[in-house]
Amino acid sequence: MNNLTNGDCKMSIRELDRQYVAGTYKRFPVEIVEGKGSLVKAADGREYIDMGSGIAVTSFGIADPVWAKAVADQAAKVQHTSNLYYTEPCAKLAEQLCLRTGMKKVFFGNSGAEANECAIKVARKYAAEKKGPEFSTIVTLRNSFHGRTLTTLAATGQDHYHELFGPLTPGFVHVTAGDLDELKEVCEREKVAGVLVECVQGEGGVVPLDGDYVKGAAEYLNENDILFMVDEVQTGNGRTGQLYAYMNFGVMPDVVSTAKGLAGGLPLGACLIGEKAENVLGFGDHGSTFGGNPVCCAAALSILDRIDDNLLSEVRRKSKYLFDTIGGGEGIESVSGMGLMIGIKTAKPASEVVAKCMERGVLCLTAKDRVRLLPALNIPDALLEKAAAVILEAAKED
Ligand SMILES: *Cc1c(COP(=O)(O)O)cnc(C)c1O
(Lines give C-alpha, C1' and ligand atoms only; values in the text may rest on other atoms or scores of the structure.)
Protein backbone atom coordinates (compact mmCIF):
# COMPACT_ATOMS: atom_id res chain seq x y z
CA MET A 1 0.00 0.00 0.00
CA ASN A 2 1.13 3.50 -0.80
CA ASN A 3 2.39 5.04 2.41
CA LEU A 4 0.57 8.36 1.85
CA THR A 5 0.28 9.47 5.45
CA ASN A 6 3.98 9.04 5.95
CA GLY A 7 4.94 11.13 2.95
CA ASP A 8 8.18 10.41 1.14
CA CYS A 9 10.40 9.65 4.03
CA LYS A 10 8.96 7.21 6.54
CA MET A 11 8.33 8.84 9.89
CA SER A 12 9.04 7.00 13.08
CA ILE A 13 6.07 6.09 15.25
CA ARG A 14 7.17 8.68 17.76
CA GLU A 15 7.28 11.40 15.10
CA LEU A 16 3.92 10.34 13.67
CA ASP A 17 2.37 10.42 17.13
CA ARG A 18 3.79 13.85 17.87
CA GLN A 19 2.50 15.19 14.57
CA TYR A 20 -1.01 13.75 14.62
CA VAL A 21 -2.06 12.88 18.17
CA ALA A 22 -3.32 15.78 20.29
CA GLY A 23 -0.50 16.94 22.49
CA THR A 24 -2.14 16.12 25.83
CA TYR A 25 0.32 13.44 26.93
CA LYS A 26 3.95 13.82 27.82
CA ARG A 27 4.98 10.33 26.79
CA PHE A 28 8.08 8.48 27.93
CA PRO A 29 10.48 7.73 25.04
CA VAL A 30 9.43 4.08 24.81
CA GLU A 31 7.24 2.47 22.15
CA ILE A 32 5.64 -0.62 23.60
CA VAL A 33 4.86 -3.34 21.09
CA GLU A 34 3.92 -6.35 23.20
CA GLY A 35 4.22 -7.92 26.58
CA LYS A 36 3.64 -10.89 28.79
CA GLY A 37 2.40 -10.50 32.32
CA SER A 38 4.56 -7.94 34.10
CA LEU A 39 7.13 -7.71 31.31
CA VAL A 40 6.70 -5.38 28.36
CA LYS A 41 8.78 -5.24 25.22
CA ALA A 42 9.65 -2.05 23.36
CA ALA A 43 10.10 -1.58 19.61
CA ASP A 44 13.89 -1.51 20.06
CA GLY A 45 13.78 -4.97 21.63
CA ARG A 46 14.37 -3.80 25.19
CA GLU A 47 12.36 -5.49 27.91
CA TYR A 48 11.01 -3.69 30.98
CA ILE A 49 9.41 -4.72 34.26
CA ASP A 50 6.04 -3.01 34.31
CA MET A 51 5.38 -1.35 37.67
CA GLY A 52 2.54 0.81 36.36
CA SER A 53 0.05 -1.58 34.70
CA GLY A 54 -1.14 1.15 32.36
CA ILE A 55 -2.09 3.17 35.49
CA ALA A 56 -3.74 0.35 37.45
CA VAL A 57 -5.56 -1.08 34.44
CA THR A 58 -3.93 -4.34 33.39
CA SER A 59 -4.85 -6.08 36.66
CA PHE A 60 -3.32 -9.42 35.68
CA GLY A 61 -0.61 -8.06 33.43
CA ILE A 62 -0.21 -7.71 29.69
CA ALA A 63 -1.91 -10.21 27.38
CA ASP A 64 -2.79 -12.48 30.29
CA PRO A 65 -3.96 -15.74 28.66
CA VAL A 66 -7.11 -16.23 30.80
CA TRP A 67 -8.18 -12.63 30.18
CA ALA A 68 -7.30 -12.80 26.46
CA LYS A 69 -9.37 -15.97 26.03
CA ALA A 70 -12.40 -14.43 27.75
CA VAL A 71 -12.13 -11.43 25.43
CA ALA A 72 -11.56 -13.48 22.25
CA ASP A 73 -14.37 -15.93 23.04
CA GLN A 74 -16.89 -13.15 23.59
CA ALA A 75 -15.67 -11.15 20.56
CA ALA A 76 -16.30 -14.22 18.42
CA LYS A 77 -19.89 -14.52 19.73
CA VAL A 78 -21.21 -10.96 19.79
CA GLN A 79 -19.16 -7.81 20.37
CA HIS A 80 -21.95 -5.28 20.80
CA THR A 81 -25.73 -5.19 20.87
CA SER A 82 -26.68 -1.71 22.18
CA ASN A 83 -28.50 -1.47 25.48
CA LEU A 84 -31.82 -2.21 23.78
CA TYR A 85 -31.21 -5.93 24.31
CA TYR A 86 -30.13 -8.24 27.13
CA THR A 87 -26.71 -9.86 27.14
CA GLU A 88 -25.33 -12.44 29.54
CA PRO A 89 -21.92 -10.86 30.41
CA CYS A 90 -23.52 -7.55 31.44
CA ALA A 91 -26.19 -9.16 33.65
CA LYS A 92 -23.74 -11.63 35.23
CA LEU A 93 -21.13 -8.97 35.92
CA ALA A 94 -23.70 -6.72 37.60
CA GLU A 95 -24.81 -9.70 39.71
CA GLN A 96 -21.23 -10.51 40.75
CA LEU A 97 -20.43 -6.90 41.62
CA CYS A 98 -23.55 -6.70 43.80
CA LEU A 99 -22.95 -10.07 45.48
CA ARG A 100 -19.35 -9.13 46.29
CA THR A 101 -20.15 -5.67 47.68
CA GLY A 102 -23.73 -5.68 48.98
CA MET A 103 -24.61 -2.97 46.47
CA LYS A 104 -27.98 -3.32 44.73
CA LYS A 105 -27.73 -1.94 41.20
CA VAL A 106 -24.99 -1.25 38.66
CA PHE A 107 -24.82 1.30 35.85
CA PHE A 108 -22.10 0.58 33.30
CA GLY A 109 -20.17 3.26 31.41
CA ASN A 110 -16.78 3.32 29.75
CA SER A 111 -14.47 5.22 32.05
CA GLY A 112 -13.81 6.49 35.53
CA ALA A 113 -15.04 9.97 34.75
CA GLU A 114 -18.33 8.56 33.49
CA ALA A 115 -18.70 6.36 36.57
CA ASN A 116 -18.33 9.51 38.69
CA GLU A 117 -20.74 11.46 36.48
CA CYS A 118 -23.29 8.73 37.15
CA ALA A 119 -22.62 8.86 40.90
CA ILE A 120 -23.18 12.63 40.87
CA LYS A 121 -26.44 12.24 38.93
CA VAL A 122 -27.62 9.59 41.40
CA ALA A 123 -26.85 11.83 44.40
CA ARG A 124 -28.55 14.85 42.86
CA LYS A 125 -31.71 12.98 41.88
CA TYR A 126 -31.87 11.16 45.21
CA ALA A 127 -31.60 14.43 47.13
CA ALA A 128 -33.94 16.29 44.76
CA GLU A 129 -36.66 13.71 45.32
CA LYS A 130 -36.14 13.38 49.08
CA LYS A 131 -35.24 16.91 50.15
CA GLY A 132 -35.84 19.17 47.16
CA PRO A 133 -33.96 20.13 43.99
CA GLU A 134 -31.94 22.80 45.79
CA PHE A 135 -30.05 19.98 47.57
CA SER A 136 -27.60 19.64 44.71
CA THR A 137 -24.17 20.38 46.19
CA ILE A 138 -21.53 17.68 45.93
CA VAL A 139 -18.69 17.86 48.44
CA THR A 140 -15.29 16.45 47.48
CA LEU A 141 -11.81 16.66 48.99
CA ARG A 142 -8.97 19.02 48.29
CA ASN A 143 -6.16 17.23 46.44
CA SER A 144 -8.66 14.77 44.93
CA PHE A 145 -8.89 13.57 41.34
CA HIS A 146 -12.19 12.50 39.81
CA GLY A 147 -11.74 12.83 36.04
CA ARG A 148 -11.45 15.18 33.08
CA THR A 149 -15.02 15.88 31.96
CA LEU A 150 -16.20 19.36 32.89
CA THR A 151 -18.26 18.01 35.80
CA THR A 152 -15.63 15.65 37.18
CA LEU A 153 -13.05 18.44 36.77
CA ALA A 154 -15.30 20.56 38.97
CA ALA A 155 -15.29 17.66 41.44
CA THR A 156 -11.49 17.42 41.28
CA GLY A 157 -10.01 19.40 44.18
CA GLN A 158 -6.83 20.58 42.45
CA ASP A 159 -6.93 24.04 40.87
CA HIS A 160 -4.27 23.42 38.25
CA TYR A 161 -6.58 21.04 36.37
CA HIS A 162 -9.25 23.77 36.15
CA GLU A 163 -7.29 26.62 34.62
CA LEU A 164 -8.69 27.99 31.33
CA PHE A 165 -11.56 25.44 31.19
CA GLY A 166 -14.17 27.46 33.05
CA PRO A 167 -16.97 27.78 33.63
CA LEU A 168 -17.03 24.33 35.20
CA THR A 169 -20.22 22.64 36.36
CA PRO A 170 -21.46 24.53 39.41
CA GLY A 171 -22.40 22.93 42.71
CA PHE A 172 -19.09 21.57 44.02
CA VAL A 173 -17.43 22.42 47.33
CA HIS A 174 -14.00 21.11 48.38
CA VAL A 175 -13.01 20.34 51.96
CA THR A 176 -9.73 19.24 53.53
CA ALA A 177 -9.22 15.47 53.92
CA GLY A 178 -9.13 14.46 57.56
CA ASP A 179 -11.02 17.50 58.86
CA LEU A 180 -14.37 16.08 59.97
CA ASP A 181 -15.47 19.38 61.52
CA GLU A 182 -15.08 21.19 58.21
CA LEU A 183 -17.08 18.48 56.43
CA LYS A 184 -19.91 18.78 58.98
CA GLU A 185 -19.82 22.56 58.85
CA VAL A 186 -20.17 22.55 55.04
CA CYS A 187 -22.97 19.97 55.20
CA GLU A 188 -24.83 22.23 57.63
CA ARG A 189 -24.22 25.41 55.65
CA GLU A 190 -24.80 24.12 52.10
CA LYS A 191 -27.61 22.06 50.63
CA VAL A 192 -25.58 18.90 50.10
CA ALA A 193 -26.67 15.88 48.02
CA GLY A 194 -23.58 13.74 48.41
CA VAL A 195 -19.94 13.52 49.39
CA LEU A 196 -17.44 11.84 47.06
CA VAL A 197 -14.02 10.69 48.31
CA GLU A 198 -11.09 8.51 47.25
CA CYS A 199 -10.02 6.27 50.16
CA VAL A 200 -6.47 6.60 48.86
CA GLN A 201 -5.91 9.77 46.83
CA GLY A 202 -4.09 8.40 43.80
CA GLU A 203 -3.24 11.31 41.51
CA GLY A 204 -2.93 13.42 44.67
CA GLY A 205 0.25 11.54 45.65
CA VAL A 206 -0.96 8.13 46.94
CA VAL A 207 -2.32 9.48 50.22
CA PRO A 208 -4.65 7.22 52.22
CA LEU A 209 -7.44 8.84 54.22
CA ASP A 210 -7.37 8.53 57.98
CA GLY A 211 -9.48 5.59 59.20
CA ASP A 212 -11.34 7.55 61.88
CA TYR A 213 -12.13 10.27 59.36
CA VAL A 214 -13.67 7.79 56.90
CA LYS A 215 -15.70 6.12 59.68
CA GLY A 216 -16.77 9.46 61.16
CA ALA A 217 -17.77 10.83 57.76
CA ALA A 218 -19.73 7.70 56.83
CA GLU A 219 -21.61 7.82 60.13
CA TYR A 220 -22.38 11.54 59.96
CA LEU A 221 -23.56 11.35 56.34
CA ASN A 222 -25.78 8.38 57.10
CA GLU A 223 -27.41 10.22 60.02
CA ASN A 224 -28.07 13.19 57.76
CA ASP A 225 -29.24 11.23 54.71
CA ILE A 226 -26.44 12.59 52.53
CA LEU A 227 -25.06 10.00 50.11
CA PHE A 228 -21.57 8.74 50.98
CA MET A 229 -19.88 8.01 47.67
CA VAL A 230 -16.48 6.43 47.16
CA ASP A 231 -14.42 6.90 44.01
CA GLU A 232 -12.78 3.49 43.56
CA VAL A 233 -11.64 4.11 40.01
CA GLN A 234 -7.99 3.61 40.93
CA THR A 235 -8.27 1.91 44.34
CA GLY A 236 -10.83 -0.68 43.27
CA ASN A 237 -10.74 -4.21 41.95
CA GLY A 238 -8.19 -5.67 44.35
CA ARG A 239 -5.65 -2.85 44.13
CA THR A 240 -5.50 -2.09 47.88
CA GLY A 241 -5.58 -5.67 49.12
CA GLN A 242 -9.37 -5.75 49.41
CA LEU A 243 -11.83 -5.97 46.51
CA TYR A 244 -12.66 -2.28 47.11
CA ALA A 245 -10.62 0.08 49.27
CA TYR A 246 -13.59 1.10 51.45
CA MET A 247 -13.54 -2.50 52.75
CA ASN A 248 -10.26 -1.66 54.52
CA PHE A 249 -12.12 0.98 56.53
CA GLY A 250 -15.13 -1.01 57.78
CA VAL A 251 -17.67 1.34 56.18
CA MET A 252 -20.52 0.81 53.72
CA PRO A 253 -20.85 3.52 51.06
CA ASP A 254 -24.10 4.40 49.30
CA VAL A 255 -22.45 4.66 45.90
CA VAL A 256 -19.18 3.22 44.56
CA SER A 257 -17.65 4.27 41.24
CA THR A 258 -14.98 2.17 39.60
CA ALA A 259 -13.19 1.68 36.27
CA LYS A 260 -9.45 1.36 35.50
CA GLY A 261 -8.64 -2.27 36.51
CA LEU A 262 -12.25 -3.48 36.33
CA ALA A 263 -11.97 -5.11 32.91
CA GLY A 264 -8.21 -5.72 33.03
CA GLY A 265 -7.38 -3.51 30.06
CA LEU A 266 -10.60 -2.77 28.22
CA PRO A 267 -12.64 0.39 28.78
CA LEU A 268 -15.34 -0.25 31.35
CA GLY A 269 -16.63 1.88 34.19
CA ALA A 270 -19.28 1.03 36.74
CA CYS A 271 -21.36 2.97 39.21
CA LEU A 272 -22.54 0.67 42.00
CA ILE A 273 -25.62 1.92 43.80
CA GLY A 274 -26.53 0.80 47.32
CA GLU A 275 -29.89 0.18 48.93
CA LYS A 276 -30.77 3.79 49.73
CA ALA A 277 -30.62 4.95 46.14
CA GLU A 278 -31.17 1.67 44.33
CA ASN A 279 -34.30 2.83 42.51
CA VAL A 280 -33.23 6.41 41.83
CA LEU A 281 -32.27 5.80 38.20
CA GLY A 282 -35.30 4.95 36.07
CA PHE A 283 -36.03 4.62 32.34
CA GLY A 284 -34.33 7.37 30.39
CA ASP A 285 -32.47 8.87 33.35
CA HIS A 286 -29.04 7.86 32.09
CA GLY A 287 -27.46 5.90 29.27
CA SER A 288 -24.33 5.00 27.36
CA THR A 289 -23.99 3.43 23.91
CA PHE A 290 -21.01 1.28 24.80
CA GLY A 291 -21.77 0.91 28.51
CA GLY A 292 -22.02 -2.74 29.54
CA ASN A 293 -20.49 -3.87 26.27
CA PRO A 294 -20.40 -7.71 26.24
CA VAL A 295 -16.67 -7.99 25.45
CA CYS A 296 -15.70 -5.58 28.24
CA CYS A 297 -18.08 -7.29 30.66
CA ALA A 298 -16.78 -10.77 29.77
CA ALA A 299 -13.27 -9.47 30.44
CA ALA A 300 -14.36 -8.01 33.77
CA LEU A 301 -16.09 -11.25 34.78
CA SER A 302 -12.85 -13.15 34.20
CA ILE A 303 -10.93 -10.57 36.26
CA LEU A 304 -13.41 -10.43 39.14
CA ASP A 305 -13.51 -14.20 39.32
CA ARG A 306 -9.75 -14.25 40.00
CA ILE A 307 -9.77 -11.54 42.67
CA ASP A 308 -10.39 -14.06 45.43
CA ASP A 309 -9.19 -14.23 49.06
CA ASN A 310 -5.97 -15.90 48.00
CA LEU A 311 -5.09 -13.23 45.46
CA LEU A 312 -5.99 -10.45 47.90
CA SER A 313 -3.75 -11.90 50.59
CA GLU A 314 -0.97 -12.13 48.01
CA VAL A 315 -1.50 -8.45 47.19
CA ARG A 316 -1.16 -7.62 50.91
CA ARG A 317 1.96 -9.76 51.25
CA LYS A 318 3.60 -8.11 48.22
CA SER A 319 2.61 -4.71 49.58
CA LYS A 320 4.34 -5.44 52.87
CA TYR A 321 7.40 -6.60 50.97
CA LEU A 322 7.57 -3.28 49.10
CA PHE A 323 7.00 -1.20 52.25
CA ASP A 324 9.66 -3.18 54.14
CA THR A 325 12.20 -3.28 51.32
CA ILE A 326 11.91 0.26 50.00
CA GLY A 327 11.08 2.05 53.25
CA GLY A 328 14.27 3.13 55.01
CA GLY A 329 16.39 2.83 51.87
CA GLU A 330 19.05 5.42 51.10
CA GLY A 331 17.41 8.47 49.51
CA ILE A 332 13.92 7.24 50.44
CA GLU A 333 12.04 9.69 52.67
CA SER A 334 8.77 7.83 53.11
CA VAL A 335 6.50 5.20 51.60
CA SER A 336 2.71 5.66 51.53
CA GLY A 337 -0.27 3.82 50.12
CA MET A 338 -2.17 0.60 50.50
CA GLY A 339 -1.86 -2.78 48.84
CA LEU A 340 -0.15 -2.53 45.46
CA MET A 341 -0.82 1.20 45.22
CA ILE A 342 2.33 2.75 46.56
CA GLY A 343 3.84 6.23 46.66
CA ILE A 344 7.52 6.78 47.39
CA LYS A 345 8.84 10.14 48.51
CA THR A 346 12.45 10.31 47.38
CA ALA A 347 15.14 12.83 48.23
CA LYS A 348 15.78 13.28 44.51
CA PRO A 349 12.96 14.57 42.29
CA ALA A 350 10.56 11.71 41.50
CA SER A 351 10.85 12.24 37.74
CA GLU A 352 14.62 11.79 37.97
CA VAL A 353 14.21 8.50 39.87
CA VAL A 354 11.64 7.29 37.34
CA ALA A 355 14.00 8.14 34.45
CA LYS A 356 16.83 6.24 36.15
CA CYS A 357 14.55 3.24 36.71
CA MET A 358 13.63 3.28 33.03
CA GLU A 359 17.30 3.26 32.02
CA ARG A 360 17.68 0.22 34.25
CA GLY A 361 14.65 -1.56 32.76
CA VAL A 362 11.83 -0.75 35.19
CA LEU A 363 8.77 1.34 34.28
CA CYS A 364 7.40 3.39 37.21
CA LEU A 365 4.93 6.26 37.43
CA THR A 366 4.80 9.50 39.36
CA ALA A 367 2.00 11.09 41.38
CA LYS A 368 2.70 14.67 42.38
CA ASP A 369 6.15 14.60 44.04
CA ARG A 370 6.23 10.84 44.48
CA VAL A 371 7.29 7.79 42.57
CA ARG A 372 4.12 5.74 42.18
CA LEU A 373 3.94 1.97 41.84
CA LEU A 374 0.84 0.15 40.56
CA PRO A 375 2.14 -3.26 39.46
CA ALA A 376 -0.08 -6.07 38.22
CA LEU A 377 -1.86 -7.77 41.14
CA ASN A 378 -0.18 -11.06 40.21
CA ILE A 379 3.34 -9.74 39.59
CA PRO A 380 5.75 -12.62 40.25
CA ASP A 381 7.97 -12.26 43.35
CA ALA A 382 11.16 -12.43 41.29
CA LEU A 383 10.16 -9.42 39.19
CA LEU A 384 8.94 -7.50 42.23
CA GLU A 385 12.29 -8.10 43.96
CA LYS A 386 14.22 -7.01 40.87
CA ALA A 387 12.12 -3.87 40.50
CA ALA A 388 12.48 -2.97 44.19
CA ALA A 389 16.28 -3.33 43.93
CA VAL A 390 16.35 -1.08 40.85
CA ILE A 391 14.17 1.57 42.54
CA LEU A 392 16.44 1.56 45.61
CA GLU A 393 19.51 1.91 43.39
CA ALA A 394 17.91 4.76 41.40
CA ALA A 395 16.86 6.65 44.54
CA LYS A 396 20.38 6.66 46.01
CA GLU A 397 22.27 9.94 45.97
CA ASP A 398 24.92 9.95 43.23
C1 LIG B 1 -8.18 7.74 36.74
C2 LIG B 1 -9.17 8.24 37.70
C3 LIG B 1 -10.39 8.81 37.28
C4 LIG B 1 -10.71 9.04 35.83
O5 LIG B 1 -10.82 7.87 35.11
P6 LIG B 1 -10.88 7.91 33.50
O7 LIG B 1 -11.13 6.49 33.11
O8 LIG B 1 -9.59 8.44 33.02
O9 LIG B 1 -12.02 8.80 33.14
C10 LIG B 1 -11.31 9.17 38.24
N11 LIG B 1 -11.04 9.02 39.54
C12 LIG B 1 -9.90 8.48 39.99
C13 LIG B 1 -9.68 8.29 41.45
C14 LIG B 1 -8.92 8.09 39.08
O15 LIG B 1 -7.76 7.59 39.53
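Biologist: How many disulfides does the structure hold?

Modeller: Happy to start there, with the reminder that this is a predicted model. A disulfide needs two cysteine sulfur atoms within 2.5 Å. Cys 357 is in no disulfide, its nearest cysteine sulfur, in Cys 364, being 4.1 Å away. For the whole structure the number of disulfides is zero.

Biologist: Good, let's turn to the core. Which residues touch the most other members of the largest nonpolar core?

Modeller: In soluble globular proteins, nonpolar side chains tend to be buried together. The largest such core in this model has 90 residues. It draws at least three residues from each of domain 1 (31-59 + 309-395) and domain 2 (67-304). The members that touch the most others are Leu 97 and Leu 373.

Biologist: Which residues does Leu 97 contact, leaving aside its neighbours within four places in sequence?

Modeller: Contact here means heavy atoms within 4.5 Å. With those sequence neighbours set aside, the partners of Leu 97 are Val 106, Phe 108, Tyr 244, Leu 262, Ala 270, Leu 272 and Leu 304.

Biologist: How many residues are in the second, separate core?

Modeller: Among its members are Ala 155, Phe 172, Ile 273 and Val 280. The count for this second core is 22 residues.

Biologist: Now the open sheet of four strands: which are its edge strands?

Modeller: The strand order is β13-β14-β17-β16, with antiparallel pairing. Neighbouring strands are turned by 30 degrees against each other on average, direction ignored. An edge strand pairs on one side only, and that describes β13 (332-338) and β16 (365-367).

Biologist: What is the bridge partner of Thr 366 in β17?

Modeller: β16 and β17 (residues 370-373) pair in the antiparallel sense over three bridges. Within β17, the partner of Thr 366 is Val 371.

Biologist: Which helix lies across β13, β14 and β17?

Modeller: This helix covers residues 309-326 and runs at about 170 degrees to β13. The name you want is α10.

Definitions and conventions
Residues numbered from 1 in each chain as written. Predicted model: local features only at pLDDT ≥ 70, side-chain atom pairs only at ≥ 80, totals over all residues. Heavy atoms only, no water. Pairing = 2+ DSSP bridges. Helix = DSSP H or I, 4+ residues; strand = E, 2+ residues; numbered from the N terminus. Axes fitted to C-alpha atoms, helices over the stretch in contact; angles between N-to-C directions. Core = buried A, V, L, I, M, F, W, Y, C linked by side-chain atoms within 4.5 Å. Buried < 20%, exposed > 50% of the residue type's maximum accessible area, 1.4 Å probe, protein only. Domains from an automatic or database assignment.
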